[in-house]
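Here is a short briefing on a protein and its ligand. Look at the structure first, then read the points below.

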Amino acid sequence: MEQTMLHIQQFSFALEGNSILDGLSFSLAKGEYLSVIGPNGAGKSTLLKCLMRVHEHGTSRGEIRLKGRLLSEYAQRTLAALVSYVPQAGGWVPPFTVEELLRLSRYPYLAAGGVLGKTDQEAVKKALYLTDMHMLASRRLTSLSGGERQKAFVAAALAQETEIILLDEPASFLDPKHTAELNRLIRVLHREHGVTMLTVTHDLNHPLCMEGKILVLRQGRQLFFGQTQEMLRKNILEDAFSHQFICFPHPGTGRPTLLAKE
Ligand code: ADP
Ligand code: MG
């Protein structure tokens with residue numbers, strides 16, 4: 001039987017009395033890929049933050065379970081060894097070098113004293129090479145371009161070697177070449193390493209080429225959860241974005257491709 005990695009049941013979340021997420025319910029099996037889409041302010045980032053327990057002051061209802069266990073019951077270290085998170089770019093960055101950031105991401109595995117062992121060093125090295133960041137390992141994050149910085153955070157999430165990775169708009173700041181490289185890396189992690197992934201994206205064609213499920217949010221509500229074909233058939237996107245889209249087969253791959261109408 002396939003293992004349920006994430007189970008969300010009637011989950012609602014409010015900040016200072018304002019409802020931000022309202023009655024979300026969906027499940028992901030181990031190794032599944034979920035694209036989270038929806039207009040600005042729909043609650044996409046908040047959902048990922050709730051999964052990371054970074055919101056301390058909010059009130060929530062319903063439940064979130066990881067591997068059958070309530071999220072609230074996890075010790076912080078155990079959670080950090082299970083889920084890694086690449087936040088939406090554009091915020092503050094810590095005053096570390098790329099390599100220091102990756103070494104810090106190994107903290108859930110370190111014994112008292114915090115010394116990195118051989119396994120930790122190998123995980124850091126592997127993540128640097130997989131993301132092609134080894135050349136920039138000793139550069140400070142503050143000195144990097146937006147795209148390089150983004151890749152450094154993706155590398156840190158990889159070095160954490162978790163079963164679940166949450167990515168919040170990982171391709172923002174990336175040019176087309178680096179976006180394609182990132183998508184290739186995401187596919188490798190998902191297909192070859194069996195990582196369960198939740199990716200927030202504004203690229204509506206991302207879920208169409210990712211073979212996974214889609215969650216569509218609007219104003220904190222779940223408009224749709226399921227397969228791409230069903231979403232296209234039901235014209236969910238028109239509802240979600242209050243805009244018309246054209247769907248046509250990609251001339252190269254034949255895959256359905258979306259374009260916003262002018
Ligand atoms: P998205 O990522 O889909 O663009 P967010 O999850 O960032 O949306 O935000 C959803 C809603 O929650 C928005 O209306 C936003 O203003 C509100 N919100 C987000 N963070 C906070 C916060 N810390 N305090 C109050 N409101 C917030
Ligand atoms: Mg967001």
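Glu211 is exposed, with a relative accessible area of 59% (exposed means over 50%, buried under 20%, partly exposed in between, with a 1.4 Å probe and protein chains only). This is a predicted model, where local features need pLDDT of at least 70, side-chain atom pairs count only at pLDDT 80 or more, and totals for chains, interfaces and linings use all residues. Residues are numbered from 1 along each chain as its sequence is written, chains are lettered from A and ligands numbered from 1 in the order in which they are written, and side-chain values use heavy atoms, leaving out hydrogens and water.

**Salt bridges**
- Glu211 meets Arg191 in a salt bridge, 3.1 Å from N to O (a side-chain nitrogen of Lys or Arg within 4 Å of a carboxyl oxygen of Asp or Glu).
- Arg191 is partly exposed, at 48%.
- Asp120 and Arg106 also form a salt bridge, at 3.0 Å.
- Both Asp120 and Arg106 are buried.
- A search of the whole structure finds 12 salt bridges.

**Around ligand 1**
- The residues around ligand 1 (a heavy atom within 4 Å) include Leu15, Ile20 and Pro39.
- A polar side-chain atom of Lys44 lies 2.8 Å from an oxygen atom of ligand 1 (a polar contact is a pair of N or O atoms within 3.5 Å).
- For Ser45, a side-chain N or O atom is 2.9 Å from an oxygen atom of ligand 1.
- A backbone N or O atom of Ala42 lies 3.1 Å from a ligand 1 oxygen atom.

Terms used:
A polar contact is a pair of N or O atoms within 3.5 Å; within protein, one must be able to donate a hydrogen and the other to accept it, and residues adjacent in sequence count only if both atoms are side-chain atoms.
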